[in-house]
Every structure is written in structure tokens, then in C-alpha cells.
Number of protein chains: 2
Amino acid sequence: MAKKLAKSAISQKRVLDAAAKIFRDFGYAGTTMRAIADEADLKAGSIYYHYKSKDELIGAVLDIGVNAVTQRVTEALAALPPEATGRQRVEVAIAAHLSAIIEVGDYTLATRRVAGQVPEAISARNTRLRDSYGAMWQQIMNDAQQRGEFKTTASLTLSRLFILGALNWTVEWYKPGGRSVEQIARDFASFVLDGLSGGAAPLPVEFSEAATEPHDNPRPRIRSA
Amino acid sequence: MAKKLAKSAISQKRVLDAAAKIFRDFGYAGTTMRAIADEADLKAGSIYYHYKSKDELIGAVLDIGVNAVTQRVTEALAALPPEATGRQRVEVAIAAHLSAIIEVGDYTLATRRVAGQVPEAISARNTRLRDSYGAMWQQIMNDAQQRGEFKTTASLTLSRLFILGALNWTVEWYKPGGRSVEQIARDFASFVLDGLSGGAAPLPVEFSEAATEPHDNPRPRIRSA
DNA sequence: GTCTATAGGGAGATAGAC
DNA sequence: GTCTATCTCCCTATAGAC
């Protein structure tokens, strides 16, 4: 059911979306209320009707990014039968995570790019959300190893950090016109589960290697000081 | 014999190190010349004797980060015998990349954290350095696949993006007191080469082709939805 | 809810003394 | 080489009209 939003809520979301986009391109300090206002078709002073400070805005943007991913992955995992293998869980979690971060890409990118620049008080709550999401992954992997499904000699904690690091980095090079999210998810799962040396038969068809290169994201135009 | 630096060069390096640290913590726009000056025990105006603008400074920081890694990895690969396997090349490249980014951690972190916030004109040159480093990895992987060493069905271009994304992310969670760089490198290599399900130990195999798989896992299907 | 106007504080960069 | 002093610009946030 399509919820009807109050006029205030509509503006609020417009401001939020604009903020994510501007934070994404200019970082925390580089983002000005004026730039957000322009993007949201407002005047700078009007933003303060919806959010009482720049810090409150970035806090909201950060939480949306993590929560969207957590929710999507949780749902996808819950939809699996109880007897699902660790391999299947990892495949499903990767696909859900990827599709979520690409869908709320501005928020994900904003989150990544302001990381470490946001005042401690603001980022503390967000860090907790992020840690609890990491714990979910950790459990999937630990369970699979205990059942003898995963035979890797590598630390699962490190493996989790590798996986989430690489996954979140995808938004930096993903380009809508290139490979599909589904294809990326499949390749990523294959990579994570079987590595470079493992793998099945010679591959079906490899698309042009140049199809997806990094550094394709909208570049900010920043005035040089 | 330790090179003797001119007084000017010493100050310049002090400014550069300070800049990397401040850019790391505050991002591009959040970094002020005054903060860099404080860190370098100077006054803000004095920085302009060494660098003529904030943009020139960030440009220098960015390039140092990439060049340090490129140089270290290039040297490590060059030290390998010509008959080295793709697996060995990947192991060596991972170890060299990791130790380099941890050693120049401030520069690496600064680079990551100002990514996408730096004026286009400044980042263009750095992007070229970064791409040429990526091409080096690509070649190692392509060669190994052509020799039949890598049997993954995943795109090698995507795999390369995953690997470098995860590798560079390590600086975000690495803590000097924790696991050693060597241990992280070993686990990372095992993860990259054999995945979670594989169990290949970091065997000190000689250059004779290890034709037999180190484990007898059922090999992966294309996809198991 | 959104506007205009502005207070009050820093920012990058330059000039010239030492 | 490094300092102090300062110019000019633009930022966040508030006040009050509509």
C-alpha cells in the first residue's frame, strides 16, 4: 500500500535525498547547507525547519544507509528454508547486500565518503548499527564452518572484513550501464566461496573486460580554493 | 648511508606528513591549512613557501600513496623467478601491497577518505597512476588463467576490483597491536585463491606444477539459487 | 513551510618584516 | 624559511516577514 506522505514528510525526504547526494560528492565538511538547498529546490534557511543542524542531517543519512542494507539482507535470509546451506546463505546475503547498496547508492556512497570525518558523537550510534550487521555475517560463516562446509584455513573474522570491504567498495565503480547487479553478485559469490583457483568449467561468455571500470562515478565539481 | 636532506626538504616532508594525517582525519574540505600547520609546528602562512596551494598539497599526498604501493609491489614481483606461478605472484603481490599501505598508512587512508572530494583536475593524474597499477594486477591474473591455473568462472576484471577493494579497506581496521601484517597477508591470499569453501593450506609448493587439487571438494556449479 | 537578511566566525591566500 | 597581519570570501545558524 502506497503510503501517502504529509507535505512536511515529502519535503523532508527531498532534503534527505539531496543531502545524501551532496555529502556523497563533497564529504562532510565540503557539504554546505546552500548546496543541499539548491539540490532540493529550497533556500538554505528553510532546511532548518526540517533538521535543526547539519549534524542531525548527516546522522539521518548515515543511519538510512546501514538500515536499508540490514533490513534487505535480514529479509532475504529469513526467506530461506532452515536447511539452507552456508553457501546458499552467503550467496543470498551477497545478492541482497549488493542490490540494497546500489539502490540506495547515494546514501551508501555518502556513508563511505564521510566516514571518519563526522563528529564522534554522531557516528557512534551508526557504528553500533554497523557492528551488529557484521555480527550477522559472522554467525553465518561460523555456522557453516562448524558444519564442516567451509574448509578455509583463513580466519573467519578476517574473511568477513575482506568480504564486507570489497562489497561496499562496489558502489565506487558500479555503473548502471555496465554489468548487471545480478551478474556482479554471482561473480562475487563465486569469488568468495571458491576463490580464483577454484571454479567450474571454462566460462560461458566473458563480456568485454572494459565494460566496467572504476572511477566512473559522478565526479564532484569543487571550486579550488 | 642515510641521505642527508636539505633543510627545505626536511620541512617539506614534515608538512607533507602532517597534511596526510589531517586529510585522513578531516577529508578534503575539512582540512585547513591552519590545522596542517599546527601538526607540522609551523604557522599557516609558512606552508605556502613549500606548496603554493591546498590543491598542490593534496595532489602530492595522493601520488605518494599510490606510488609507494606500486613501487613495492613491482619490486617484489620482479624478485620472483620467471617460472613463478600465478598463485605465487598473487601471494607476493598481496603481501607487498599490504605491507606498503600499512607502512604509509596515513597516506593510504587520506587517499581513501578524500576520494571523490578532490577537484577533478587534481585527481586526474592520480587516477592514471591508480589505473596503471590495476593493469599490473590484471595481467598477473589473466596470465594465470591462460595457463589454466585459475579456474574461476568469475570475471577477472570484477575479481580484481574485489581484491583491491578489500585490500585497501584493510587500513580502516588494521591495528598495530593486533594480528601481524604477515598473518593478514597469508589469510587474505588463502581467501582470494581458494575461497571460503576451499581448504588449501598456504603450502610451500615448489615450482613443480601442483597438478593435483589440494582438496576434493565437489567443484562449484554455476549457481545454486 | 518557505522566504530574505544578516550576525558572527573561519576559511585560503598574500605581503612584507625579520 | 618563517613569522604576523590582513584581505576577501563564504560558511552555519537565527530572526522575523509572509
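Mentor: Let us begin with buried area, which is the accessible area (1.4 Å probe) that two parts lose on being put together, summed over both. The model is predicted: local features need pLDDT of at least 70, side-chain atom pairs count only at pLDDT 80 or more, and totals for chains, interfaces and linings use all residues. Residues are numbered from 1 along each chain as its sequence is written, chains are lettered from A in the order in which they are written, and side-chain values use heavy atoms, without hydrogens and water.

Trainee: What is the area buried between chain B and chain A?

Mentor: About 5700 Å² is buried there, and carbon and sulfur atoms give 58% of this area. F162(B), F191(B) and L196(B) supply 14% of the area that chain B buries against chain A, more than any other three residues.

Trainee: How many salt bridges does the rule find across the interface of chain B and chain A?

Mentor: A salt bridge requires a side-chain nitrogen of Lys or Arg within 4 Å of a carboxyl oxygen of Asp or Glu; across this interface the rule finds zero.

Trainee: Why does the pair formed by H50(A) and a phosphate oxygen of DNA strand C count as a polar contact?

Mentor: A polar contact is a pair of N or O atoms within 3.5 Å; within protein, one must be able to donate a hydrogen and the other to accept it, and residues adjacent in sequence count only if both atoms are side-chain atoms. An N or O atom in the side chain of H50(A) is 2.9 Å from the phosphate oxygen, so the pair qualifies.

Trainee: Which atom of DNA strand C does the side chain of R34(B) approach?

Mentor: A base nitrogen is 3.1 Å from an N or O atom in the side chain of R34(B), whereas a polar backbone atom of T31(B) is 3.1 Å from a phosphate oxygen.
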